[in-house]
Amino acid sequence: MNRTQNEPRYPTLASIYRQHNDLVYSIALCAVQNARDAEDITLHTFREAQNILAAEPSGQHIASRLLEIVTTESLRTVSNRDNGDRKS
């Protein structure tokens, strides 16, 4: 048997992006009501997903981690906007 056949198949960032991008963007857009901010939050969320996969290649619980990231970043963006701060 080939060694690669015995190795576990881990998700790639591309496959996670394809599977979750629309949902992440929709959550961000709903929260911040601004397409540009929602795009920035989506990008941030998937950059964090890349870090998660580097630390935990199995991607276990990645959907819940994405939800946590997009929610936190959306709330931070709204809070900064309400306080008159702009994220650089």
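Predicted model: local features only at pLDDT ≥ 70, side-chain atom pairs only at ≥ 80, totals over all residues.

Reader: How many residues does α3 have, and how far does it reach?
Author: Helix α3 has 21 residues and spans 30 Å from its first C-alpha to its last. That is close to the 30 Å expected at 1.5 Å a residue.

Reader: What about the start of α3? Which backbone nitrogen does N34 reach there?
Author: A side-chain oxygen of N34 comes to within 3.0 Å of the backbone nitrogen of R36.

Reader: Switching topic: how many salt bridges does the structure hold?
Author: There are three salt bridges. One of them joins the side chains of R81 and D37, at 3.2 Å from N to O. R81 belongs to helix α4 (residues 62-82) and D37 to helix α3 (residues 35-55), so this pair ties together parts that are 44 residues apart in sequence.

Reader: Why can side chains like that pair?
Author: Side chains of opposite charge can do so when their charged atoms come close.

Reader: Is D37 buried or exposed?
Author: D37 counts as buried, because its relative accessibility is 7%.

Reader: Which residue does R76 meet in a salt bridge?
Author: R76 meets E73, with 2.6 Å from N to O. The two are three residues apart in helix α4, so about one helical turn separates them.

Reader: How accessible are R76 and E73?
Author: R76 is partly exposed, with a relative accessible area of 41%. E73, at 2% relative accessibility, counts as buried.

Reader: One more pair, then. What does R65 meet?
Author: The side chain of R65 meets that of E68 in a salt bridge, at 4.0 Å from N to O. Both residues lie in helix α4, three residues apart, which is about one turn of the helix.

Reader: And where do R65 and E68 stand on accessibility?
Author: R65 is partly exposed, at 33% relative accessible area. E68 also counts as partly exposed, at 47%.

Conventions:
Residues numbered from 1 in each chain as written. Heavy atoms only, no water. Helix = DSSP H or I, 4+ residues; strand = E, 2+ residues; numbered from the N terminus. Buried < 20%, exposed > 50% of the residue type's maximum accessible area, 1.4 Å probe, protein only. Expected span 1.5 Å × (residues − 1). Polar contact = N/O pair within 3.5 Å; in protein donor to acceptor, adjacent residues only side chain to side chain.
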